[in-house]
Amino acid sequence: MPDKKRILLIDNEEGLCRMMEQVLLDNGYLARAYTSPLKAIEEFRPGAWDLLITDIKMPGMSGLEVLQKAKEKEKDIPVIMITAYATVDMSIQALRKGAYDMLTKPFEPEELVYRVKNALQQSRLLEENRELRAELEGKFCFDNIIGASGGLKGVLERVEKVAVRDTSVLITGESGTGKELIAQAIHYNSPRRERKFVAINCGALPETLLESELFGYKKGAFTGARENRHGLLEAADGGTLFLDEVGNLPMNVQKTLLRFLQEKEFNRLGETAPTRVDVRVLSATNSDLKEAVRSGAFREDLYYRLNVVNIHLPPLRERADDIPLLAAHFIAVQNQKFDAAVKGFDKEAMQALCDCAWPGNIRQLKNVIEACMAMAGEEHISRETLDQFVEIDHEPVGIPPAAATTAGELPFNAALERFEADLLTGLLKKHGGNIDAAAREAGMNMATIYRKIKKYGLKKEDYL
């Protein structure tokens, strides 16, 4: 066995020590026995052992004292207590002091091996959990959120301040700007970092399923409810619940969520007794919740409960300085994932990246870079490769509509641009500035509409 687990045995009965030592050696473990608990604790070193097994009743030092002193030196070492006189009180004391298991004399060798395997497996799971938590905390630390623009720095300053305060936060911004990443950064830099971060997309589930997913249900509450089930609020107890696209919450779920935010309790579907949990709620939306409140689609009292602190993420087109940094990061991730050696974009392609409107924001940039790397055959991604996956305007910026007089006085290209600008302005007016709707009617994608707005120098007051 290449990585044998090391087990420390402490028992004043020499015969029992020899028996346990031999059984463990025969099963592939490294074992060392002490008949003196004082000597064993004196020589105990953190990291030297994977498991401690100790008798409770011993002269000179009791097993409970051994447990306490071992835990003082290495708090995470699993400990199995052995006793011939197991009582409820003694078991409770041992478990409270950090024992993993109790083994009652006399016991068969098979039972000893079974208990040892369980303890070591639990220890391994705890270690994996610590490693994963450390990895997540590193991933979501502020230094690892990519960007150096002023807009992003302002966001991170707010995130750092609000993370340590147990208050509700509403994260706003267009789709693809990284709202869930910010929510995770808040959680993993908060006092709740040791507990779960649970996320749900409120727009991805039908109304009936969303309610049962959030709050859980009692057996028989509705057709198909064959057993009691905990909801996501209970799963996040002690931690953080992230409600993505919170503007899609149906009215009945809004009412139940509001009660929870006010009272810290809720009722599972089909239950009359309330359930209490301790959960911090973070939420995000890419829609205008204020307008939803005005139209009656979203409760005003819930809006103010969720929006104690607002963090707004700027779209990528407003933080173009961050595009080269983000591109380098995504290329590095793909290089590591696929053992590739792409160095970056060539000069012309990088300029095109920075000039793009990126209506899908960071998510779109990431997908485009992945696609480019899948097709690139050289160290640097060319403009030609980039043009396969994103439409970027090749034409110079035209004159705004106001600079012209009539189409008849203009050369053909300028007249065409004037017509296009007027058509675009009319479409935007018709749809109240809704770029997505205007793009659908025009048969264009949103990226093209954004570029045309920029090209013709259109301002919001031109079409709103």
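Q: To start, where is the place of Val 169?

A: Val 169 is in strand S6, residues 169-172, where strands (E, at least two residues) and helices (H or I, at least four) are DSSP runs numbered from the N terminus. Keep in mind that this is a predicted model, in which local features need pLDDT of at least 70, side-chain atom pairs count only at pLDDT 80 or more, and totals for chains, interfaces and linings use all residues. Residues are numbered from 1 along each chain as its sequence is written, and side-chain values use heavy atoms, with hydrogens and water left out.

Q: Buried or exposed, that Val 169?

A: Val 169 counts as buried because its relative accessibility is 0%; buried means under 20% relative accessible area, exposed over 50%, and partly exposed in between, with a 1.4 Å probe and protein chains only.

Q: And what is Val 169 in contact with, leaving aside its neighbours within four places in sequence?

A: Its partners include Val 162, Ile 186, Leu 282, Leu 306 and Ile 311, with contact meaning heavy atoms within 4.5 Å. Leu 282 is 113 residues from Val 169 in sequence, yet their C-alpha atoms are 5.1 Å apart in space.

Q: Which residues does Thr 240 contact, again leaving aside neighbours within four places?

A: Among them are His 187, Arg 192, Phe 197, Val 279 and Leu 282. Thr 240 lies in strand S8, residues 240-244, and it counts as buried because its relative accessibility is 0%.

Q: Switching topic, what is the order of the strands in the open sheet of five?

A: The order is S2-S1-S3-S4-S5, with parallel pairing, and two strands pair if DSSP finds at least two bridges between them. Strand S2 (30-34) and strand S5 (101-104) are the edge strands, each pairing on one side only. On average, neighbouring strands of this sheet are turned by 20° against each other, direction ignored; axes here are lines fitted to C-alpha atoms, for helices over the stretch in contact, and angles run from 0 to 180 degrees between N-to-C directions.

Q: How many residues of S3 are buried?

A: Five of the five residues of S3 (51-55) are buried, so the strand is largely enclosed by the rest of the structure. Leu 51, Ile 53 and Asp 55 cover one face, and Leu 52 and Thr 54 the other.

Q: What joins S3 to S4?

A: Four bridges join S3 to the parallel strand S4, residues 79-83, and Leu 52 has Val 79 as its bridge partner there. On S1 (residues 6-10), which is joined to S3 by four bridges and runs parallel to it, Leu 9 is partnered with Ile 53.

Q: Now helix H1: which of its residues are buried?

A: Leu 16, Cys 17, Met 20, Val 23 and Leu 24 are the buried residues of H1. They lie on the same side of H1 because they cover an arc of only 135° around the axis, the arc being that of the directions from the helix axis to the C-beta atoms.

Q: And what is exposed on the other side of H1?

A: Glu 14, Arg 18 and Asp 26 are exposed there. Just after H1, Gly 28 takes a positive phi of about 90°.
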